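Please open the model in your viewer and keep the selection tool at hand. The tour below goes from one selection to the next and says what is there each time.

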Amino acid sequence: MSLYTTVAKFALQALGVVVVALLTSIITQELRRPKNMPPTPGNKRPLPFFGNKLDIPKEKSWIAFRKWNEEYGPVLTVWNGTTPTILIGDPEIAVELMEKRSTKYSSRPRFVVAGDLLTENRTILFAPYGERWRAYRKALHLATMPKSVDTYRPVMEMEGKVLAHDILSKPEDWYNLIYRYTASSVVAIAYGRRVLDIHTDGAYQKLARNIDFLTSINVPGAQWHETFPALRFLPSFMNPIKKAAINFREQGRANLRSLVQEVQTKIQQGIAPHSYAKLLLENREKYPELDDMEFNGAPGSLFGAGVDTTSATLQSLVLALVLHPEVQRQAHEELDRVVGSGRSPHWDDEEKLVYVQAIIKEILRWRPVAILGGTPHASTEDDIFEWEGRQYFIPKGAIILGNLWSIHMNPKTYEDPEEFKPERFLGDRQYPGTGTKGHSSFGWGRRICPGAYFAERSLYLTATRLLWAFNFSKAVHPITGNEITPDASMETGYTSGFNTRPHPFPCKIEVRNNEIRETIEREAKDAWQDLKIFENFYD
Ligand code: HEM
């Protein structure tokens with residue numbers, strides 16, 4: 001037998017083994033797929049190995065998910081490789097699973113890039129349900145429980161006064177000014193240091209770089225590593241996303257460590273202003289479960305979870321106001337009646353500002369920033385639930401995704417869901433689960449956003465101040481003289497990624513009267529003075 005024939009025979013045999021192994025694996029996968037699960041979109045058969053992965057768009061998957069929920073039903077299964085994702089498009093189903101059965105549905109799925117590689121799952125967001133996650137959550141209480149949040153209100157208020165002055169001076173830069181305001185209040189609360197300029201502040205830039213990376217990768221269907229976890233074992237030089245995740249992890253940890261060390265030094269020097277990191281350090285012994293790396297990460301989680309979300313919600317508010325002058329008119333009428341022009345709104349006005357509160361809730365519903373319901377939940381036990389006379393099986397390890405773009409646009413729950421109508425939140429609304437809030441923007445059950453109270457206080461203060469101070473309307477094109485209508489469509493006017501925000505757009509912002517202008521100028525002067533203690537930087 002010639003060498004050629006021997007090699008050909010061997011190759012054929014090897015090919016045969018591979019084909020048999022593939023067929024066995026496909027058959028096993030098929031046999032293992034549990035029956036009676038919620039249907040796939042259009043009852044489409046998932047492909048071996050890939051599942052429905054090829055049907056999930058890499059960008060703005062929430063749009064496809066909503067279409068599927070509308071066409072094929074409020075609870076569906078989409079297979080990402082061999083892992084099922086249960087897509088929920090109805091608030092009652094979300095509550096039935098993630099709140100009423102929260103002992104089974106409060107974990108997180110495995111994220112290969114964001115979890116295993118970037119954070120080693122040692123952050124609250126990706127931690128599986130259990131003791132460690134409880135310890136992370138307990139440490140956050142010093143920042144997020146109502147009593148704690150109330151101690152941070154002065155910072156939010158002072159930064160809000162500066163924001164009003166900034167917009168008065170440079171209205172065309174409103175989009176970035178809102179972002180700077182949010183970043184500065186959160187960083188001041190977390191570490192006792194302001195962010196004066198997002199383009200030059202080193203600490204801010206390092207924090208933001210990490211979050212930008214995280215939000216860009218943490219999107220269903222975007223990473224092949226999630227479909228084929230074994231890819232994580234490919235060495236970094238052949239695996240650019242792994243290399244990037246490990247670099248970001250190391251740089252991020254060094255940055256979080258140096259920010260906490262700065263607070264420690266200031267405490268020793270007696271010059272540390274009130275901050276979450278300061279409180280944590282002063283109570284270090286109460287968190288023995290957390291090692292230093294995890295402990296340093298706690299104040300950072302405020303930045304990770306609070307800046308993008310709050311600023312995007314405020315930017316959506318401006319968009320809605322520009323498009324809805326009648327809503328502004330009603331809000332202005334309420335603010336003139338309750339507050340007047342000689343002072344800006346404060347906490348005690350909240351109960352009387354019912355229309356403004358309804359606007360804030362409607363913004364959270366109409367353009368929810370955590371559009372996919374935040375990080376999905378994962379089930380830790382097999383379960384069966386009944387919906388409209390049918391029983392559905394959900395296996396242990398399934399990913400549970402409450403797509404807010406389906407849930408908040410569900411006409412069964414909200415009449416004319418596409419319309420921006422704050423009136424729907426005047427008076428009591430029947431809404432499953434979270435009850436009085438009337439929307440699901442902060443998630444569900446045990447994983448519900450721990451920063452919800454923090455965010456609501458911050459949104460109330462800022463939205464009220466912006467509405468009190470300014471009139472927002474369409475910009476006029478400098479050449480054509482035509483009004484420019486901003487694009488509010490989620491398909492074309494909003495960013496992709498894990499959180500979504502409107503693309504920057506021009507608008508006209510005018511102070512409402514001279515007395516308000518004088519109040520803004522006077523209050524900003526006091527705020528700058530009081531904020532000086534947060535301007536002690538070591539870098
Ligand atoms: C408009 C503002 C905000 C929105 C819409 C929002 C929304 C959400 C959502 C939808 C989740 C996922 C909930 C779930 O898994 O069921 C979440 C989780 C989380 N949020 Fe927020 N959030 C906001 C602001 C904040 C702020 C200001 C903080 C910190 C002070 C914060 C801290 C967190 C943390 C730490 C988690 C992870 C909780 C866990 O996995 O146990 N959020 N948020």
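Which helices each supply at least two residues of the shell around the ligand? In this predicted model, they are helix 5 (131–144), helix 12 (292–323) and helix 16, so numbered along the chain from the N terminus. Colour these helices, and begin with helix 12, which gives the most to the shell around the ligand, with 5 residues.

**The ligand and its iron atom**

Next, select the ligand together with the 28 residues around it, of which Trp-133, Arg-137, His-377, Arg-447 and Cys-449 come nearest. If you colour this shell by residue class, you will find 14 nonpolar, 11 polar and 3 charged residues.

Now centre the view on the iron atom of the ligand, and look for its single donor from the protein, which is the SG atom of Cys-449, 2.3 Å away. To place Cys-449 in the fold, follow the chain through the loop between helix 15 (404–407) and helix 16 (452–469), where this residue is found.

**Polar side chains at the ligand**

Stay with the ligand, and show the side chains of Trp-133, His-377 and Arg-447 one after another. A polar atom in the side chain of Trp-133 lies 2.8 Å from an oxygen atom of the ligand. In the side chain of His-377, an N or O atom is 2.7 Å from a ligand oxygen atom, and for the side chain of Arg-447 the corresponding distance, again from an N or O atom to an oxygen atom of the ligand, is 2.8 Å.

**Where helix 13 meets helix 16**

Finally, select helix 13 (residues 325–338) with helix 16, which pack at an angle of about 95° with their axes 9 Å apart, and which are therefore roughly perpendicular to each other. Here Gln-328, Ala-331, His-332 and Leu-335 in helix 13 meet Thr-464, Leu-467 and Trp-468 in helix 16. The residues of this contact divide into 4 nonpolar, 3 polar and no charged.

Technical notes. Residues are numbered from 1 along each chain as its sequence is written. This is a predicted model: local features need pLDDT of at least 70, side-chain atom pairs count only at pLDDT 80 or more; totals for chains, interfaces and linings use all residues. Side-chain values use heavy atoms; hydrogens and water are left out. Donors are N, O and S atoms within 2.8 Å of the metal (3.2 Å for Na, K and Ca); water is not among the atoms, so sites may look incomplete. Helices (H or I, at least four residues) and strands (E, at least two) are DSSP runs, numbered from the N terminus. A residue is near a molecule or strand if one of its heavy atoms lies within 4 Å of it. A polar contact is a pair of N or O atoms within 3.5 Å; within protein, one must be able to donate a hydrogen and the other to accept it, and residues adjacent in sequence count only if both atoms are side-chain atoms. Ala, Val, Leu, Ile, Met, Phe, Trp, Tyr, Cys and Pro count as nonpolar, Asp, Glu, Lys and Arg as charged, and the others, Gly among them, as polar. Axes are lines fitted to C-alpha atoms, for helices over the stretch in contact, and angles run from 0 to 180 degrees between N-to-C directions. Angles under 35 degrees count as roughly parallel, over 145 as roughly antiparallel, 65 to 115 as roughly perpendicular and the rest as oblique. Contact means heavy atoms within 4.5 Å.
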